[in-house]
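Me: I'd like to walk through a model with you, one question at a time. Here it is.

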2 protein chains.
Amino acid sequence: MEAVEVFGEKDFLACCGSTRFAKEMASAAPFASLQEAVDAATDIWFNKVDINGWLEAFAAHPQIGQSPSSHHKSPTSAQWSKGEQSTALATATDSTLQELSDWNSRYHEKFGFVFLICASGRSTPGILAELKRRYQNRPLAEFETAAGEQMKIIELRLAKLFSTKAEGASTTNA
Amino acid sequence: MEAVEVFGEKDFLACCGSTRFAKEMASAAPFASLQEAVDAATDIWFNKVDINGWLEAFAAHPQIGQSPSSHHKSPTSAQWSKGEQSTALATATDSTLQELSDWNSRYHEKFGFVFLICASGRSTPGILAELKRRYQNRPLAEFETAAGEQMKIIELRLAKLFSTKAEGASTTNA
């Protein structure tokens, strides 16, 4: 018997903090494969989640270089966020972290939302350089770039979701 | 002696409901000509007002086909809005107004903000056709289109502001 991947709204909310995204994904589920889930997520994120939903999803991320709040509405999201920033943390010094914090503030002041980047595998100096480059963008272009980064994060996290369930399934079958 | 156009935040807020826009325009003033004001407004609207400011500006408009609230924070904006919709009102029937209202609701449900169009000189059937066409857009594309319409409205209203002051000046000089 094949294992059927059954994910709920809470699982999808850990991938992306937009409630509309999570609801639409839960309606579209179950998915036969990770690729099918990614395809559905791409359509939902870019075509069905509205501007307010994008802002809601961005707001669910901690400021880069900082730990997620312990009161985060999705503990799984908070835990994954830490993992995604592990390279950044390993390459951080007090002074780069301070500079990152200053630039995060400038960014937030200009754009009105948190600087969002798919941090997986990126060093702190690399993230800082990208922040400074993107700070020059006009607001709409930056909004679109941030939405693209959120989509990369969604893909990574859907893969985690599927691999977690697969591990669970093989343990059960062993 | 040349008349100097002195406009304040309140005047610019009547042109565009974003407080950041109004503040930046007031800082950039005075303007030697309407064209100089339009150039400054274009830069501020597209490059300095953030996503939240765009949403704030959109929210200051009544739903098309409806009268602005009598509690509107800018009475001048509410009055101008009525004038801009005069062609639409003249070409409206009960059934097109009902259809417009239904489509406005669908639009708001999909995009999370009011349908915005520079209504000046447009008939109700023309506005309705445009609403149905734009409803097909993906959220980001529609957000950008709406921002472009807001910019057209800003231009029209800056022209009104300048002509009002010019009238005032010529009356004074007469």
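Me: In which loop is Pro30(A) found?
Reply: The model is predicted, so local features need pLDDT of at least 70 and side-chain atom pairs pLDDT 80 or more, while totals for chains, interfaces and linings use all residues. Residues count from 1 along each chain as written, chains are lettered from A and ligands numbered from 1 in written order, and side-chain values use heavy atoms, without hydrogens or water. Helices are DSSP runs (H or I, at least four residues), numbered from the N terminus. Pro30(A) is in the loop between α2 (19–28) and α3 (34–48) of chain A.

Me: Is the peptide bond from Ala29(A) to Pro30(A) cis or trans?
Reply: Most peptide bonds are trans. From Ala29(A) to Pro30(A), omega is near 0°, and the bond is cis.

Me: Which loop of chain B holds Pro30(B)?
Reply: Ala29(B) to Pro30(B) is a cis peptide bond, with omega near 0°. Pro30(B) is in the chain B loop between α2 and α3.

Me: How are α2(B) and α3(B) oriented to each other?
Reply: Helix α2 (residues 19–28) and helix α3 (residues 34–48) of chain B pack with axes 10 Å apart, at an angle of about 140°. Angles run from 0 to 180 degrees between N-to-C directions of axes fitted to C-alpha atoms over the stretch in contact. Under 35 is roughly parallel, over 145 roughly antiparallel, 65 to 115 roughly perpendicular, the rest oblique. α2(B) and α3(B) are therefore oblique.

Me: How many nonpolar residues are in the contact of α2(B) with α3(B)?
Reply: α2(B) brings Arg20(B), Phe21(B), Glu24(B) and Met25(B) to the contact (heavy atoms within 4.5 Å), and the α3(B) side includes Ala37(B), Ile44(B), Trp45(B) and Lys48(B). Ala, Val, Leu, Ile, Met, Phe, Trp, Tyr, Cys and Pro count as nonpolar, Asp, Glu, Lys and Arg as charged, the others, Gly among them, as polar. By class, 3 are charged, none polar and nonpolar 7.

Notes. Helix = DSSP H or I, 4+ residues; strand = E, 2+ residues; numbered from the N terminus.
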